[in-house]
Each structure stands twice: as structure tokens, then as C-alpha cells.
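Me: Could you take a close look at one part of this model with me? I would like a connected walk through it, with the cut-offs spelled out as you go.

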Amino acid sequence: MRRNDREITDMKTIESIVAGARFMHLGLFDDDYPYVVPMHYGYTLSDGKFTFYVHSAKTGQKLVCIERNNNVFVEIDVGERLIPSDIPCEYGAAYKSVMCKGKAFIINNAHEKCRALEIIMKTQTGKDFEIDERMADAVTVIKIVTDSITAKARLK
């Protein structure tokens, strides 16, 4: 990381960023060009590693990309605001961000799909919902297992 003074290493702080956002930018490989899509998500944190869950339609470009190459990149940010200045080159932005590398997997097990969708709903709404197999069958659920995490912030 180029700006070590902005690096965040405390996992409670990192999780607060992930918990405070509503969507992630999911980066995928699409032949010669990157493919980035904003997605609502749910997450779990265990042993310092995030597992993210997203859902999508049963067909589409995301799924094609994952089938070809399941390496993914996740970016999540909160607190964005402009830091003004009287000098144009001194303008900046305040933010907190988390970035993760990982692998994406399509969940086929009905019980695991239901649980993943419940996690998404809890993350997004703060409420517990029960998802049944009929509901889960209407969508594709993607599990993203992270293997690296970086985070940084600029507050002023």
C-alpha cells in the first residue's frame, strides 16, 4: 500500500466498513476487459477472512465470467465526501474502503442457498428473515471466499 499512513489493520474497524455499506463493486474477468458490477451483499467473518454472498438472475454476464475464471475482486467504500480547497490541485476526498481478492463459487446446495440469502437480508436490513427453498430456487447465489484484505481511510 502506497499510503501506509491511511492503512487500516484493525479487523473491528474493517468489519465496521463492510457492515456500514450497502453494496460492493464486484470485479470479474471478462476476456480482454474487466467487468465490474455493483451488488448488494451479505457477509460473514471468520478467522480474519470475509465470506461474501450475492445473488443474481439465473443467467447473465456475471455467471459467464465466473464460469470462465472464478478469481474476483471486491471493493466496498463508505463515507465519501469532497474535501474542498481554494487550490484545484489540493481538492481531495474523504472515504473508508475495503478491498479483497478471492474466489467466487455458485452455491447449488438448497440449504446453503437459503442460509446465504438469509445472511444477505440480515446484512442489508438488520432483520432476520426465513428463506425457503422455493424462494431460493428463483435466483442464483454466489459465494465469495476471500484470501486477502486491505483497507484504508482518509478522514480529513
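Which residue in β2 is the bridge partner of His-25?

Reply: Happy to. The bridge partner of His-25 in β2 is Pro-38. A word on the ground rules: this is a predicted model, where local features need pLDDT of at least 70 and side-chain atom pairs count only at pLDDT 80 or more, while totals for chains, interfaces and linings use all residues. Residues are numbered from 1 along each chain as its sequence is written, and side-chain values use heavy atoms, with hydrogens and water left out.

Strand β1 covers residues 23-30 and strand β2 residues 33-40, and they pair in the antiparallel sense over 8 bridges. Here, strands (E, at least two residues) and helices (H or I, at least four) are DSSP runs numbered from the N terminus, and two strands pair if DSSP finds at least two bridges between them. Together β1 and β2 form a hairpin with 2 residues between them.

The turn deserves a look of its own. Asp-31 sits in the loop between β1 and β2 and has a positive phi of about 55 degrees, although it is not a glycine. As background, most residues other than glycine have a negative phi. Asp-31 counts as exposed because its relative accessibility is 60%; exposed means over 50% relative accessible area, buried under 20%, and partly exposed in between, with a 1.4 Å probe and protein chains only. Asp-47, in the loop between β3 and β4, also has a positive phi of about 55 degrees without being a glycine. At 77% relative accessibility, Asp-47 counts as exposed.

An open sheet is formed by 7 strands in the order β2-β1-β5-β6-β7-β4-β3, with antiparallel pairing. Its edge strands are β2 and β3 (42-46), each of which pairs on one side only. On average, neighbouring strands of this sheet are turned by 30 degrees against each other, direction ignored; the axes are lines fitted to C-alpha atoms, for helices over the stretch in contact, and angles run from 0 to 180 degrees between N-to-C directions. Elsewhere in the sheet, β6 (residues 92-107) and β7 (residues 140-154) pair in the antiparallel sense over 13 bridges. There, Ala-104 has Ile-144 in β7 as its bridge partner.

Ile-144 brings us to the packing. In the largest nonpolar core, which has 29 residues, Met-24, Leu-26, Tyr-41, Phe-52 and Ile-144 touch the most other members. Such a core is a set of buried Ala, Val, Leu, Ile, Met, Phe, Trp, Tyr and Cys residues joined through side-chain atoms within 4.5 Å. At least two residues of this core come from each of α1 (11-20), β1, β2, β4 (49-56), α2 (61-68), β5 (71-83), β6 and β7. Apart from it lies another core, of 11 residues, including Tyr-53, Leu-117, Ile-120 and Ala-136.
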